Amino acid sequence: MNKEHVENIIRRYENPEGKILGILEDIQETYKYLPKESLEFVSKKLGMPLSKLYSIATFYSFFNLKPVGEHIITVCMGTACHVRGAKDILNNLIELLKIGVNETTEDGKFFLTTEDKHFSLNTARCFGCCSMAPVIRVDDKIFGYVTIKDLPKILKAYGWKSK
Amino acid sequence: MKINTLEDLIYIREVGLKKLKPRDKVRVSVGMATCGISVGGDVVFEELKEKLKNRDDVLLTKTGCIGFCHVEPLVNVFIPGKGILIYHHVQTKDVKKIIDNFSEAEKLDNVLCQIDKWYHITSDEIVYGGGFTNIPRWSELGFFKPQRKLVMRNSGIINPEDIDEYIAVGGYSALFKALKKMTPEEIINEVKKSGLRGRGGAGFPTGVKWELAKNEQSDVKYVICNADEGDPGAYMNRNEMESDPHSVIEGMIIGGYAIGAHKGIIYIRAEYPLALYRLQKAINEAKNYGLLGKNILGSGFDFDITISKGAGAFVCGEETALIASIEGDIGRPRPRPPFPAQKGLWGKPTNINNVETWTNIPLIVKKGGDWFRGFGNEKSPGTKVFSLVGKVENVGLVEVELGTPIKTVVYDIGGGAPSGKKVKAVQTGGPSGGCIPTKFFDLPIDYENLTSVGSIMGSGGLVVMDENTCMVDTAKFFLDFTVDESCGKCVPCREGLKHMLFILENITKGNGKEEDIKTLEQLSETIKTTSLCGLGQTAPNPVITTIKYFKDEYLEHINNKRCPALVCATLIEFEIDQRKCTGCAVCAKRCPVKAIDGIIGIGETFRIDPNKCIKCGTCLDVCKLGAVIKTSKGVVNEKQGHTSSY
């Protein structure tokens, strides 16, 4: 963790409204997760108990407390995606990436990372792209009308190799 | 520059109109809300940019989403004198054809419709041109015909990243009227007269809510825009922010003036990066023109807006949880009273409205409450934008007058289920709503009617379900959602929902008992009556309505261990129809668990090992011959398709 960087992030937030979540989100944007040292640092800087930051980080599904893979794949599990087969998309991704089923991290969230740390897989409640269901997101790019057939092609573009 | 006088506003309007309908240039605009971008709108835009870089006869811009997501990417081409043509399903390969044929633009094959004039409501009708021959007007298409665009008055026409264009179509003229010619009381009276009700779902009269906040004595007050659109299956707020962000901002400034607040906060979910970007950009633009900040329009009124990001918690859509979240706490609701109007953010009087509620405000101020009452019905005036999704042909955002029958939306606008399937139900109101069977499709959509059949209006998600949707699975899906999103404060919600989910899981695995239905009903009643906030009070609705209207499906799962819709994995099997199989082995190659084996070239030898099969449906998806079939105790559905049947 770069102290100066986190300090700069804290400085960005002049208004008290939305400050804590904003800081944590910006830290996660940099490191893709919330390193323990960064939470300790923020806790000291803001004079806020670490336990409170931990409670926030585990309450909101957006935050990760563990390092994640290079590319993050998120499967939308919203209603429209559900009725159009999102679960099959998720199960297929689990099989293609060869990562365990129903594994959760210590904080109870669904978040799987491949052994080589190349991909992480998680789910979201709704991207608001319901018209193109089922939808997945890889890093910042959203893929609509995804079929099981398409998955290997999408993954290959991010360096996946069929085993 | 700062806008202070009517002359200033008119001046900017002229500047904007020159961009919106240039006198001597073609204007090409690409539908670039998140929906358009993710089906390739961004690539089309880049291609246009590249190909047009040396052309000064064309103005290239972005626009939002007009709502017809089914046919995106959409490209609008404005030709001076003639009007706007909308092309559908535009790919990069079509770009050259489009920009080389402006003189015969209407002759290309992928023309959807034309817009010769458009009523932006906050200004007089704008005539874009004399029209193209033999091209249907937008309002003649089945998808648009029953719609009434009030909230989406500018979506898909103007560039959402340019305040000048918003002002060109009458934007901020309602704010001008409010600050220069109306007292806060007059505004509140107008909003009360309009009968506008909260578009977040609960339907509380907006004017009354404002009055409560106004009457509180306090040095500091807040207005908040609830943009934490968390209902799965609902995305109208995202589009309203992405396609017309200034309408939200204008509504909030007027609201602030009416209740006496000088600070506004938009609480937006982190999953909407583009909406966030466009709102921030709009806020900055408004500040530059003196429409936000000190002494707005020279009226002496100060108002500022900041954005506060959510972090993925459904319960934060609840007012008190949302406030806790802005304050930097975990989003757990607290008992009301005191209501936010009395003690809200930082203990100060606070008025919270949904995005869509805010976008209606400029209309009501500009055109009057009586005008607004001319739309919708007696108890629910105005329109509502619905996200029509799921098993329906024309997916998209549709705006209809309240009181429009469900069937008009599902069949006339939506075109029914794809590939000739039969629609079974619509689900409204997200996890707090219910499933409404087709026998109620004559019902006019309004707050009271939806409640009377066990659902709710909610924020506007309208998910269509067809014969291949399992209603037990649907109930399970929503319970899984609410179990996950329950904040854990109230025991009945935290533990009761978990137990309901456990029972539903058993039923979908074929381990259910008939008495389970009774237990589910009892638990539902307890959770509804003993939970503190809306999440718990409504979470059992999907279960209650599916049991009420689709009990036979529950009984099929329980008594016959059969899933009639062929959805519940434990109760279905995949088989190969050896008469159709040619032994191409595509399924065997693609099966992720190597459950399929056979001799290549000999169809009769191919089999799926049921012990290895994980029922992922890959084989069904990849087989081009329809040789893979899905069964559940006698129910067979050949080539029903797994995920790609639409």
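Where pLDDT is low, the predicted coordinates should not be read in detail. Now color chain B by confidence: the average pLDDT is 95, and 99% of the residues score at least 70. The model scores ipTM 0.92 and pTM 0.94.

A quick word on the ground rules. This is a predicted model, so local features need pLDDT of at least 70 and side-chain atom pairs count only at pLDDT 80 or more, while totals for chains, interfaces and linings use all residues. Residues are numbered from 1 along each chain as its sequence is written, and chains are lettered from A and ligands numbered from 1 in the order in which they are written.

Next, select chain A. Its domain assignment (bounds come from an automatic or database assignment) gives domain 1 (3-59) and domain 2 (71-156). Taken over C-alpha atoms, the centres of these two domains of chain A are 27 Å apart.

Now show where the chains touch: 45 residues of chain A and 51 residues of chain B take part in the contact. Which element gives the largest share of the side of chain A that touches chain B? Helix H6 (86-97) of chain A, with six residues. Helices (H or I, at least four residues) and strands (E, at least two) are DSSP runs, numbered from the N terminus. That side of chain A has 22 nonpolar, 15 polar and eight charged residues. Here Ala, Val, Leu, Ile, Met, Phe, Trp, Tyr, Cys and Pro count as nonpolar, Asp, Glu, Lys and Arg as charged, and the others, Gly among them, as polar.

Jump to strand E14 (residues 423-428) of chain B. Is E14(B) mostly covered or uncovered? Mostly covered: six of its six residues are buried. A residue is buried if 20 or more other C-beta atoms lie within 10 Å of its own, exposed if 12 or fewer, and partly exposed in between, with C-beta atoms placed from the backbone.

Look at the partners of E14(B). Strand E16 (residues 461-466) of chain B pairs with E14(B) in the antiparallel sense over five bridges; two strands pair if DSSP finds at least two bridges between them. One pair to click is B:Ala425 and B:Met465. Strand E15 (residues 434-437) of chain B also runs antiparallel to E14(B), joined by four bridges, and there B:Val426 has B:Ile436 as its bridge partner. E14(B) and E15(B) form a hairpin with five residues between them, and B:Gly429 in the turn has a positive phi of about 80°.

A cis peptide bond joins B:Arg336 and B:Pro337, with omega about -5°. Another cis bond joins B:Pro337 and B:Pro338, with omega about 5°.

Last stop: B:Lys594, in the loop between helix H22 (586-590) and strand E18 (596-597) of chain B. Its phi is near 50°, a positive value in a residue other than glycine. Why does B:Lys594 count as exposed? Because 10 other C-beta atoms lie within 10 Å of B:Lys594.

Technical notes
pLDDT is the predictor's confidence in each residue, from 0 to 100. Two residues are in contact if their C-beta atoms, placed from the backbone, lie within 7 Å.
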